[in-house]
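I went site by site and wrote down what I looked up.

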Amino acid sequence: MFVLEPQHVHMNQSAKDKAEALECLANILVQDQLVKADYLSGLHAREAQSATYLGQGIAIPHGTPQSREFILETGIRLAHFPKGVVWDGENTVYLAVVIAAKSDEHLQVLQILTRALSQDVSDQVQHAKNAAQIIEILQAQPETLVLHENLIETQIQVTDIDDFLWSANKLLKQQKLVEAGFISQLDPKNLIQIQDTLWSISAKNYVSQSAVSIVKADQTIDFKNGQIQTLICIAQHEQLDYQQLQRLLDLLFQPQIQQQLNDQHNRQDIAKLVGAETIPDWPSQRIVLANAHGLHARPATQLVNITKTYQGEIRVAVDDGQFISAKSLTKLLAMGCKYGQTLTFIAEPDTDAVEGLSKIIQAVQQGLGEEVEAIEHKIDSQQTNTLEFEEEITTPTTGIPASTGLAFGPAHVIKPKHFQYERFGNNVKAEKEKLEIALHSVKNTLHQLIAKTEANEIKQIFMAHLEMLDDPDLIQQVHQSLNQNLSAPAAWHQYIEKAAQAQAALPDRLLAERAADLRDIGDKVLAVLCNEVAAQEPEQPYILIMHDVGPSDVARLNKDRVAGILTAVGGASAHSAIVARALGIPAIVGASDAVLNITPHTTVLINGDTGAFEINPSQAQIDDAIQERELQQQRRHEAEQHCHEPAITLDQHQVEVAANLGKILDTEKAVNYGAEAIGLLRTELVFMAHRQAPDEDVQEKEYRHVLDTLAGRPLVVRTLDVGGDKPLPYLPIDAEENPFLGVRGIRLTLRKPQLLRQQLTALVRAADDRPLRIMFPMVGRIEEWRAAKAILDEVLLKHPCPNLEVGIMIEVPSAALIAPLLAKEVDFFSIGTNDLTQYTLAIDRGHPVLSGEADGLHPSILMLIDQTVRAAHAQQKWVGVCGELAADPKAVPVLLGLGVDELSMSASSIPLVKAQIRQLNFADCQQLAQQALKCESAFAVRSFVEQTHG
Ligand code: PEP
Ligand code: MG
C-alpha cells in the first residue's frame, strides 16, 4: 500500500520544459535508490506514446513496461513545479507524481489522485507552500459513501446475529470495499437499534472505502431483548463525507421507513427506498480485462476516446461493483480495475450507445492500444494442445501415484463448468421462450433416463428432479426476473442458487441435502441455455478424469462405476487422494491439465503404484496389467486371510495396527480388515457428510456408532481439523493467502470454542466407559494444547469419562521440537506425517508440481519422529503414526525401528502391512532406522531400505 509522506515531496523545483522535468524526476528516484539512471529513457519512451498529464495541473510520469528492469524498489515521488512546466502543448503541470512500480501498484496511486481530480485543485496545487499542504490537497478530498444495489441482499437465511454480520461483511468484501479483518471489528455488542427490527453497526478499521451494505433476513430473529430483520453495516473511512452518511441515517430514523422496509423483498426496491444507486436494466456486455497492468492511464484514455464517440450514456462496473460513466477518465482510473477482473458495460437503451457496446468490447479485447494475450486465447491454446497431445498418445505419461492398483477403462472427462452468459437479455419474450425450450429438453432427457434406469433409488432421484422442474412457483419466480430484463440463464441461475441456499439451511438433514439436487438439475438446465454439452457417462466402469477432486467428490463416487481416478492437479497426501485410497480406487494425481484434453471414451490405463498412465494402451499392455493385477490380488487375498492376527515381528515385537476413518459407516469395514483400533477418526470428514453442522445429539449418535462397532477396541478421535485443503461450506473462513499456514485445525476451533466444546461433549457422552482417545490437530505451541485441554477439562467436570486419554497430533515441526515438554502433559502423540512433511520441507502437500518431492522419508522428518518417540517414551507415553507414511512398505521398517508403537492407515492397507511386519526383525529395523537417520536424502533412505529389506 502506498502512503504519501512529506519526505517524498520535493518542493520548489523548476524546469524549462518537460525533458528537463523528467530528468529532475529521474534524479530524485535515483537519489532515493528506487531506480537506476537508465529509467529516464523509460520515462521518455512513455511520454512519447502519450503524455501522462492527468488533469488539475498534475501529471503522472512513469516508465514503459520494458524499463521496469531498471526499477530497484517500488515507490513514488512528488515534485512541485510552482512556475509550471508545459506538458503536452496545452496543459501546464505544477505537480508531477513520478512512479516506479514493478507491477500494477501504481493503480492505487491513481485511485488516490483521481479523488483529488474530482475537485478544482489546480490553483491550490500551484500555490502550495509545503509538502504537508500538497499531501493534504491530494488526500483531504472527502470520500463519497458507496451505496448501491449490489451492496444489498434480501431474504438471507439467518439463525443468529453472526449470520447477519457475516453476510454484510461478505457484500463489502466482494466489492473490495473492506479488507480481511473487517469482520473482526463487527462486534454484536456494538449494534444499535435504529427502530423496531432495523439495526445498524459501524466500524472504522480495515476499510478501503466508505460504504454501506444492507442485509435483510427472510424472518426476524430475537436479539438483545428485541428483534432484528434488517442490518445496516457501515464501513467508515476517516475521509468520509459525513453529511452523506447523516442523510442516510436521517432517512432510516423516519418512522415510516420500518414499515416500508418490511414490505419490500426485492433488493432493487430497497435500494430505491434508501436512495442507493440502482443498476439500470440496460443492454449489457461483459469482458475480462487482459491488460497485464490493469486499466491504467493509457488504456483508460483510449477507452474514453471510444466511449465519447457515442451520444448515449455508457456505464461500466468492475466485478459487479458500482456503475460509473465510461466516459470519465478519472472515474475509470478510480475503479482500479486489474488484470483478470470483469468489466460490465451497459448502454442507454434506444441510443447509438447500444450498438457501440460490441465495438467497445472488441477494443477492450484487443488491449486498448497495449499488446495483450486475450484471456480467451489461453483457452484456445489449450484446445490446440489437444492435437499435440493426441499425436503423442503412444508415449506413457506420468503423474503422482496416489492410490495403489491398476485400472483401465474408457475416459470420462469432467471439465470445470464455466457457464458464460449475458446478465441482461434483449427481449423478454425471447428469453422466456429460451427457458421453456431448455426446460422441455431437460425434462425429456429425464423421462428417458427414468424409462432406462433399473435401480429404484436412482429412478426416484430422477423423478424428484422432474418434480422440481414442474414446480409452478419456480417458473413464476424466474419469470419475474425475466420481466426485469434479466437473460434466461441469469434469471435461472439466480433463482436456483437462492433456492439451493434456502434448502441447504433447513434444519432437517435429508431435506437440506436436496440442495445438491437443486444445483445439479439447475446446472443441467443452465448447460442447455448456454449450449454446453455435458459429458456422457460411459456405460462400463471408467477412468474419471478431472481437474481436481475434492474429498467430498470422492466420497460421493460410486466405486462400482469408477475404476480409477486421474487428476490434473493434487498431491499424494492431499485429502482427495486419501479418500481415494480409503475407497480402494487406484488414483494418479497432479498429471497436468493436459489430461483434461484426453478424448472422452478413449481407453486409459493407470498404474496407481508408479503414477504411469497410458492413453490407448495396446492389448498386450492391458493383458500385462491384468496379469499384474491378479498377482496383487492374490497377495492381498493371502494377507486378508490373516488380517485378524496381531502384527508381531519375528523377534516378538508387537505393533498396534489401526485404521484411519473418515466415514462413520466404514467402521465395520475397518474391523473386518483387521483394525485393532481406530487410530485417527478425521471428524472434519464426518462433518463434511452433513449439509450443515451436526448438533451435539447427531454427533453423539455417530461417535456412539463407531464405539459400538469397535466393541472395546480403542478409538482415537481427532477434533475438527478444518482449513487448509478441507473447507467446510457452513463454517466459512475468510480467504487467506496461505490457508495451510492460516486458521486451521486447533487454531480455528480455539477461535470457535463453542464448536469445540460441543464436539468434546458429544464425544465424552458417547464414550461410556469404553476406551476413548481424544487428540487435537495442528498444535504448534504449548499454549494451544493447554487452551484446548482446559476446554476439555471444563467439559469433563459435567461429563466424567473414565477411560479417556488425551493427546495431540505431531504435525507441526515446532511441536516435534518441544516434544520433551509436551510429553510431560499429554497421554500420547500421534504423528501426522502428511503435514509434518509439508511443513518441514515447505512443500504444499497438494502442490501440482512439487508434492512429488515431499517424501516423508526425508531424514529431517525421520529426525523429528525420532525426537518425538524418545521424548514420549522417556515419560512412558505411546506414539502412533497416522500419516500416509504408516502404510508405505519402505517406511514401515524404519518407523518400527524408530520405536513407533502404533501405525494407523487406510483400512484396506492393514492386511498387507500386518503381513509385512510379520516378516520383519525388530532388532534389524532398529539398526536400519539408525542408518536412515544418517542418510542425506529421502532417495538415499529409500535405496538403503531397498538394499537391506528388498
Ligand atoms: C497428517 O497430517 O499426517 C494427518 C494424518 O492429518 P491429515 O492428513 O488429515 O491432515
Ligand atoms: Mg494433518
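**Ground rules.** I call a residue buried when its relative accessible area is under 20%, exposed when it is over 50%, and partly exposed in between, using a 1.4 Å probe and protein chains only. This is a predicted model, in which local features need pLDDT of at least 70 and side-chain atom pairs count only at pLDDT 80 or more, while totals for chains, interfaces and linings use all residues. Residues are numbered from 1 along each chain as its sequence is written, chains are lettered from A and ligands numbered from 1 in the order in which they are written, and side-chain values use heavy atoms, with hydrogens and water left out.

**Confidence.** I began with pLDDT, the predictor's confidence in each residue on a scale from 0 to 100. For the protein chain the mean is 85, and 89% of the residues reach 70 or more. I then marked residues 376-396, where pLDDT stays under 50. For that stretch I noted 18 contacts beyond four places in sequence, a contact being heavy atoms within 4.5 Å. Where pLDDT is low, the predicted coordinates should not be read in detail.

**Aromatic pairs.** How many aromatic pairs does a search of the whole structure find? I got three. Rings of Phe, Tyr and Trp (its six-membered ring) pair if their centres lie within 6.5 Å; planes under 30 degrees apart count as stacked, over 60 as edge-to-face and the rest as tilted. One of the pairs is W199 with F223: the centres are 5.0 Å apart and the planes at 70°, so I logged it as edge-to-face. W199 sits in strand β8 (residues 198-203) and F223 in strand β9, 24 residues apart, so the pair links distant parts of the chain. Helices (H or I, at least four residues) and strands (E, at least two) are DSSP runs, numbered from the N terminus.

F828 belongs to strand β29 (residues 828-831) and W878 to strand β30 (residues 878-881), so the contact ties together parts that are 50 residues apart in sequence. F828 is buried at 0% relative accessibility, whereas W878 is partly exposed at 21%.

**Magnesium.** Which residues coordinate the magnesium ion (ligand 2)? I found E811 (OE) and D835 (OD), at 2.0 to 2.1 Å. E811 lies in the loop between β28 (804-810) and α30 (813-817) and D835 in helix α32 (residues 833-841), so the pair ties together parts that are 24 residues apart in sequence. E811 is buried, with a relative accessible area of 2%, and D835 is buried with 2%. Donors are N, O and S atoms within 2.8 Å of the metal (3.2 Å for Na, K and Ca); water is not among the atoms, so sites may look incomplete.

**An open sheet.** Next I traced four strands that form an open sheet in the order β11-β14-β12-β13, with antiparallel pairing. Strands pair here if DSSP finds at least two bridges between them. The edge strands, each pairing on one side only, are β11 (284-288) and β13 (324-325). Between β12 (residues 314-318) and β14 (residues 342-347) I noted five bridges, and V316 stands opposite F345 in β14.

**A buried strand.** Is β25 (residues 678-682) enclosed or open? Five of its five residues are buried, so β25 is largely enclosed by the rest of the structure. Strand β24 (residues 654-661) pairs with β25 in the parallel sense over three bridges, with A659 opposite I678. β25 also pairs with strand β26 (residues 715-718), parallel again and over three bridges, and there R682 faces R718.

Last, I checked phi. N225, not a glycine, has a positive phi of about 60°; N225 is in the loop between β9 (211-223) and β10 (226-235) and is exposed at 90%. H601, not a glycine either, has a positive phi of about 75°. H601 is in the loop between β20 (587-589) and β21 (603-607) and is partly exposed at 41%.
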